[in-house]
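Q: Please take one part of this model and go through it closely. I care about the side-chain pairs, how exposed their members are, and what else is worth a look along the way.

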Amino acid sequence: MPNLKEVKQRITSVTSTQQITKAMKMVAAAKLRKAQDKILKMRPYSQKLTTILDDVVASMGGELDIVYGDQRPVQNVLVVAMTSDKGLCGAFNANVIKASNYLMENKYKDVNLTVLPLGKKALENFRKRNFKLIPQFSEIFMDVNYDSVREISEYVMDAFVTKKFDKVVLVYNHFKNVATQEVVAEQFLPMGGDVVGKASAEEKAESDYILEPSKEYVIEELVPKALKTQFYKAVLESNASEHGARMTSMDKATENANDLLKELKLQYNRTRQAAITNEILEIVAGANALEGT
């Protein structure tokens, strides 16, 4: 049985750790509120923009003659993996890396692969594995805003148009609620079902747009905007998911520390009681010895 000093040191250590996890939970909760507010406001805008684009394309007979929809043999694939900059968020990063590895080792194993890591954890992981990387955007989550994300999306779109890549896939965590994040592998380019084709029949029936100067011009303006919006929404989803995962992880860590403290305090009391009992026995034995003399 450990001595009282060892148990007391462990109690102090666990108490200190619990204070840290509590503080991290509170910070994550504050950041989550802001990130959740952004993504909840972004979703309706993104959905409406997609609906308008879908309606306009449908009115043209469903033909979308634009460079971002160019279907060609897939020889070069870009995987955009979105993780966090820091750990302590449960399986948030591991799930994205696992999903990215599955795609690269199975679906795209016979093509030329390039990884665009968003988040330091993705950069560290894929750099160790000697993948061809585009590392200059890895610190995007230090300050998530539309302008910085637009720069990344424009880089990716230009690379697709110049045929540097034949397909672009986004791998990120979709934010469902604080406790649940779902890993998504979404085709970004060439654009198809993920950008066009989501509007319901009822929405199409109710739509009646007057377009100026022409439908073709509107599509040329809407498609790049819709793609940038889709990319920005994916980044916001990942950002909200990160804070939700960290908040949940720190909450569980705090609960585990509390359970461990209960066990340690019980052990401390038992050790202390045993020590007192031994001292009493020694005193009684000494008194009996003196009486016997």
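A: Glu 237 and Arg 43 form a salt bridge, with their closest N and O atoms 2.9 Å apart. This is a predicted model, so each value here is computed from predicted coordinates. The bridge links distant parts of the chain. Glu 237 sits in helix H6, while Arg 43 sits in helix H1, which covers residues 4–59.

Are the two partners buried or exposed? Glu 237 has a relative accessibility of 0%, so it counts as buried. Arg 43 stands at 18%. The limit for buried is under 20%, so Arg 43 counts as buried too.

The model has eleven salt bridges in total. Another one also involves helix H6. Glu 154 and Lys 228 meet with an N to O distance of 3.1 Å. Glu 154 belongs to helix H4 and Lys 228 to helix H6, 74 residues apart, so this pair also links distant parts of the chain. Glu 154 is partly exposed at 31%. Lys 228 is buried at 17%.

Some bridges share partners. Arg 43, Lys 233 and Glu 237 are joined in this way into one network. The Glu 237 to Arg 43 bridge therefore belongs to a network of salt bridges that includes Lys 233.

Helix H6 runs from residue 215 to 292. The model counts four aromatic pairs. One of them joins Tyr 146 and Tyr 232. A ring pair is described by the distance of the centres and the angle of the planes. For Tyr 146 and Tyr 232, the centres are 5.3 Å apart and the planes meet at 85 degrees. Angles over 60 degrees count as edge-to-face, so this pair is edge-to-face. Tyr 146 lies in helix H4 (residues 146–161) and Tyr 232 in helix H6, so the pair ties together parts 86 residues apart in sequence. Tyr 146 is partly exposed, at 27% relative accessibility. Tyr 232 is buried, at 11%.

What does His 243 touch? This residue is in helix H6. Leaving out residues up to four places away in sequence, His 243 touches Ala 28, Lys 31, Leu 32 and Ala 35.

Ile 276, Ile 280 and Val 284 make a nonpolar surface patch of about 240 Å². Ile 276 counts as partly exposed, at 37%. Patch members need over 30% relative accessible area, so the 37% of Ile 276 passes that cut-off.

Now step away from helix H6. Arg 129 and Glu 105 form a salt bridge too, with the closest N and O atoms 3.1 Å apart. Arg 129 lies in the loop between helix H3 (120–128) and H4, and Glu 105 in helix H2 (residues 92–107), so the pair ties together parts 24 residues apart. Both ends are partly exposed: Arg 129 at 34% and Glu 105 at 47%. One charge also faces a ring. Arg 72 lies over the face of Phe 160, at 4.3 Å from the ring centre.

Most residues other than glycine have a negative phi, and most peptide bonds are trans. Leu 88 has a positive phi of about 60 degrees although it is not a glycine. It lies in the loop between strand E1 (76–82) and H2. At 53% relative accessibility, Leu 88 counts as exposed. Lys 163 has a positive phi of about 65 degrees, and it is not a glycine either. Its place is the loop between H4 and strand E3 (167–177). Lys 163 is exposed, at 54%. Last, the peptide bond from Leu 189 to Pro 190 is cis, with omega near -5 degrees. Pro 190 is in the loop between strand E4 (180–189) and helix H5 (201–206).

Terms used. Residues numbered from 1 in each chain as written. Predicted model: local features only at pLDDT ≥ 70, side-chain atom pairs only at ≥ 80, totals over all residues. Heavy atoms only, no water. Phe/Tyr/Trp six-rings, centres within 6.5 Å; stacked < 30°, edge-to-face > 60°. Helix = DSSP H or I, 4+ residues; strand = E, 2+ residues; numbered from the N terminus. Buried < 20%, exposed > 50% of the residue type's maximum accessible area, 1.4 Å probe, protein only. Lys NZ or Arg CZ within 6 Å of the ring centre and 35° of its normal. Patch = residues over 30% accessible without salt bridge, like charges linked within 9 Å, V, L, I, M, F, W, Y side chains within 5 Å. Areas by Shrake-Rupley, 256 points an atom, 1.4 Å probe, with all protein chains shown as cover. Salt bridge = Lys/Arg side-chain N within 4 Å of Asp/Glu carboxyl O. Contact = heavy atoms within 4.5 Å.
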